Amino acid sequence: MRLLFIRFSSIGDIVFTTLAIRAAKQQLPGAEIHFLTKPSMKAVTEANPYIDQFHYLGKDLSQTINELKALNFDYVIDLHKNFRTFKIKRALGVPAFTYKKLSWQKFLLTNLHWNFMPKRHIAERSLDALAPLGVVNDGKGLDYFVPSTVQLSQNALPATHQNGFIALVIGASFATKKLPIHQLQELCKLLKYPVVLVGGKEDALEGEQVAYI
């Protein structure tokens, strides 16, 4: 059974797909897992041992589709759900299962603060797309695999962090997905381990403000 999983971005959302990918690989006998994403997301996925083959979305969608057609997939698992994934599913012409994006519920929550979101994590909702194939939650959470080529020296972290730490991601694509600085500071005070703040260059100033507590 050859399955094509699709999730183009972003880092956090791709990590949320790992439950579904692992469960499918381990629970479907002989499953061959393919994953389609953006080239910029390669580092997030390339070390995942449950993915057999990677595909990257090129500037020419038609070319990407033609490359995928040659692989004769049995199913498409659409965990992104946008116009491009619709075109891919229609072109491949095989059964497809699609994640429920809940766009209007998210719009109401982020713009009007009306919460109609289900009490169900996005990773579980991604897994729900595989229910027709009998795939269930294995209870092992999410995965993130670091490539073996990525190594840090023993002194890369200060001595205070070498017996354990908590990594706190402070960056996000949209402001509505980020905690304000004062709440991040409060959270850091409550954590019982040393904290490493994670973000991009654009988050450096906020990181300095959070660290100054």
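Leaving aside its neighbours within four places in sequence, T45 is in contact (heavy atoms within 4.5 Å) with I14, F35, T37, I51, F54 and Y56. T45 belongs to helix α3, which covers residues 42-45, and with a relative accessibility of 3% T45 counts as buried. Here buried means under 20% relative accessible area, exposed means over 50%, and partly exposed lies in between, with a 1.4 Å probe and protein chains only. Helices (H or I, at least four residues) and strands (E, at least two) are DSSP runs numbered from the N terminus.

The model is predicted, so local features need pLDDT of at least 70 and side-chain atom pairs count only at pLDDT 80 or more, while totals for chains, interfaces and linings use all residues. Residues are numbered from 1 along each chain as its sequence is written, and side-chain values use heavy atoms, with hydrogens and water left out.

**Helix α2 and its surroundings**

Because seven of the 10 residues of helix α2 (residues 18-27) are buried, this helix is largely enclosed by the rest of the structure. The buried residues are T18, L19, A20, I21, R22, A23 and A24, and they pack against β1 (2-6), α1 (11-16), β2 (32-37) and α7 (122-128). R22, one of these buried residues, has a relative accessible area of 2%. When its neighbours within four places in sequence are set aside, R22 touches Y50, D138, K140, G141, L142 and D143.

**Salt bridges**

A search of the whole structure finds nine salt bridges, each being a side-chain nitrogen of Lys or Arg within 4 Å of a carboxyl oxygen of Asp or Glu. Three of them are set out here.

| Pair | N to O distance | Relative accessible area |
|---|---|---|
| R22 and D138 | 2.8 Å | R22 2%, D138 23% |
| K25 and D52 | 2.8 Å | K25 25%, D52 41% |
| K178 and E206 | 3.4 Å | K178 23%, E206 23% |

In the salt bridge between R22 and D138, R22 lies in helix α2 and D138 in the loop between α7 and β6 (166-169), so this pair ties together parts that are 116 residues apart in sequence. K25 forms its salt bridge with D52, and this pair links distant parts of the chain, with K25 in helix α2 and D52 in the loop between α3 and β3 (53-56), 27 residues apart. For K178 and E206, whose side chains also meet in a salt bridge, K178 lies in the loop between β6 and α8 (181-190) and E206 in helix α9 (residues 204-211), so the pair ties together parts that are 28 residues apart in sequence. Salt bridges that share partners also join R22, D138 and D143 into one network.

**The whole chain**

The protein has nine helices and seven strands, and its C-alpha atoms fill a box of roughly 55 × 45 × 35 Å, taken along the principal axes. Of its 213 residues, 35% count as buried. Among contacts with a separation of 6 or more, 61% come from residues 24 or more positions apart.
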